[in-house]
Amino acid sequence: MPTPDEAGFTAFVRTHQRALERAAWLLTHDRHAAEDLVQTALLGTARQWPRIHTDAYAYTRRSLYHAAVSGWRRRRVREQPIGAHDAAAPQPDQSLAMTLTVALEQLTPKQRAVVVLRHYEDLTEVQTSEVLGIRPGTVKSVNRQAMARLRQLLPDLATELGLPALAHPAVPKESR
Amino acid sequence: MTLHDLLSTEAERAPRLDLDSRDLWGRAHGDLAPSRSATGRGWWVGAGAAAVVLATVIAVMTLRPGTPSAVDPAPLAEPSSTTTPAASDSPLDTTRLPEATLPGIAGSSGTSLSLARLRGPAVVTLWGSWCEPCRDQQQRLSTLSQQYGPTLRVITVAVRDQRSSAERALGGERPASTGPGTVEHYVLDDRTLRRTAWSDLQALPATLAVDAEGRIVGSLTGEQTLAELSGLADAAGANAANTATS
């Protein structure tokens, strides 16, 4: 017999699962990694459930994005063989969304998190900074780096999307 | 079209995850001590989440190849115990084996293994021919398999390895050396490995105990003694049927 708390948590998961899946998918583009992220975030939420008095979804989302950005997950990226970085440019017959996803994979976890929060979840710089626990100024600069990287990776698409042109278009070769 | 439109299109392709809120709740409030992580905002939340995550990772990364045996910090089975499996808070405990079908090598050539469908009792060792402690462990696995006979499947999975190198390290075992008392050998290619949770695995060998329902009920990293391997076999639910040793 589930307790009221457990029933509340179950209802919460049912309501927000899809939103979390979408965000995790954009952040990882990997089924297993996405599942990891969502489970980790929800597990944290379940643990804190009796103590979360504000917005459980905001809490979970913060955990999810933090986990996506946190250092150890980058290992997954680093472990890709050199071949993956030398891979040919995405095939033109792929859908634009797919092409964009491939480019997103080239961003750092933090850049990706900022892009997803700013341009998918449509949060403001301040809201994004609250989710990630960084300063709004950092959000701004990380977003600028991310846009520059995308523009560099997808020059055609960038124009089509109207990605903002850079005041300083010279992008370091290995943009961090 | 905007960046938002494109991202939304892609987001709709997100796979549906098989989440079990009851299982999550159980893991959060079952035999685990409540997390003491801060409930505040900002990085503290991340630290809490990261700590959960870290426990997972540390559980599989404690040792590097070449380092002698040590115990998983969240031991799933009492390492030297040959009796009961210990309750554990490592996510490996409730995580199923990854979905991957592995081709057999060496003595198991011509067969294949679907990890997700594997039902124990089984002891599964991830290893590489380039890892000396892993090679040293093969003989003990063979002994383990003989000791437990038909009650236990002893399985090796070569990772980050070439099939040919792995087969060479297995010492020219002939195909069709199968059946109770023999070790089954498979290889997991890098491409598939990257899709699995095991891609974070940094220490080999890593040995898992899998119970009759296919759940991972124990894991140890690093080179293990025969007693420790037996502990895992027992945790998986196998009985030492034979007393024969090699």
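Predicted model: local features only at pLDDT ≥ 70, side-chain atom pairs only at ≥ 80, totals over all residues.
**Helix α1 of chain A and what follows**

- Let's start with α1(A), which covers residues 4–28 of chain A, 25 residues in total.
- At 1.5 Å a residue this helix should span 36 Å, and its end C-alpha atoms sit 33 Å apart, which agrees.
- A:His29 belongs to the loop between α1 and α2 of chain A.

**Where chain A meets chain B: α2 against α2**

- The next helix in our tour, α2(A), runs over residues 31–48, and its partner here is α2(B), residues 21–29 of chain B.
- Their axes are 8 Å apart and the packing angle is about 55°, so the two helices are oblique to each other.
- As for handedness, α2(A) and α2(B) make a right-handed crossing.
- On the chain A side, the residues in contact are A:Gln39, A:Leu42, A:Leu43, A:Ala46 and A:Arg47.
- Facing them from α2(B) are B:Leu24, B:Trp25, B:Arg27, B:Ala28 and B:His29.
- Sorted by class, this contact of α2(A) with α2(B) holds 6 nonpolar, 2 polar and 2 charged residues.

**α7 of chain A and its partner α9**

- Back within chain A, α7(A) packs against α9(A), residues 136–153, at an angle of about 100° with the axes 9 Å apart.
- Since 65 to 115 degrees counts as roughly perpendicular, α7(A) and α9(A) are therefore roughly perpendicular to each other.
- From α7(A), the contact draws on A:Lys110, A:Gln111, A:Val114, A:Val115, A:Arg118 and A:His119.
- The α9(A) side brings A:Val139, A:Val142, A:Asn143, A:Gln145, A:Ala146 and A:Met147.
- The tally for α7(A) with α9(A) is 6 nonpolar, 4 polar and 2 charged residues.

**α7 of chain A and its partner α8**

- α7(A) also pairs with α8(A): their axes come within 10 Å and cross at roughly 135°.
- That makes α7(A) and α8(A) oblique to each other, and the crossing is right-handed.
- A:Ala113, A:Val114, A:Leu117 and A:Arg118 are the α7(A) residues in this contact, and they meet A:Glu125, A:Thr128, A:Val131 and A:Leu132 of α8(A).
- Split by class, the contact of α7(A) with α8(A) has 5 nonpolar, 1 polar and 2 charged residues.

- Most residues other than glycine have a negative phi, and most peptide bonds are trans.
- Against that background, A:His29 stands out with a positive phi near 50° in a residue other than glycine.
- A:Asp122 is another such case: not a glycine, yet with a positive phi of about 60°.
- You'll find A:Asp122 in the loop between α7 (109–120) and α8 (125–132) of chain A.
- Over in chain B, the peptide bond joining B:Gly120 and B:Pro121 is cis, with omega about 0°.
- B:Pro121 is in the loop between β2 (112–114) and β3 (122–127) of chain B.

Note on methods:
Residues numbered from 1 in each chain as written. Chains lettered and ligands numbered in written order. Heavy atoms only, no water. Helix = DSSP H or I, 4+ residues; strand = E, 2+ residues; numbered from the N terminus. Expected span 1.5 Å × (residues − 1). Axes fitted to C-alpha atoms, helices over the stretch in contact; angles between N-to-C directions. Parallel < 35°, antiparallel > 145°, perpendicular 65-115°, else oblique. Left-handed = near helix turned anticlockwise from the far one by under 90°. Contact = heavy atoms within 4.5 Å. Nonpolar A, V, L, I, M, F, W, Y, C, P; charged D, E, K, R; others polar.
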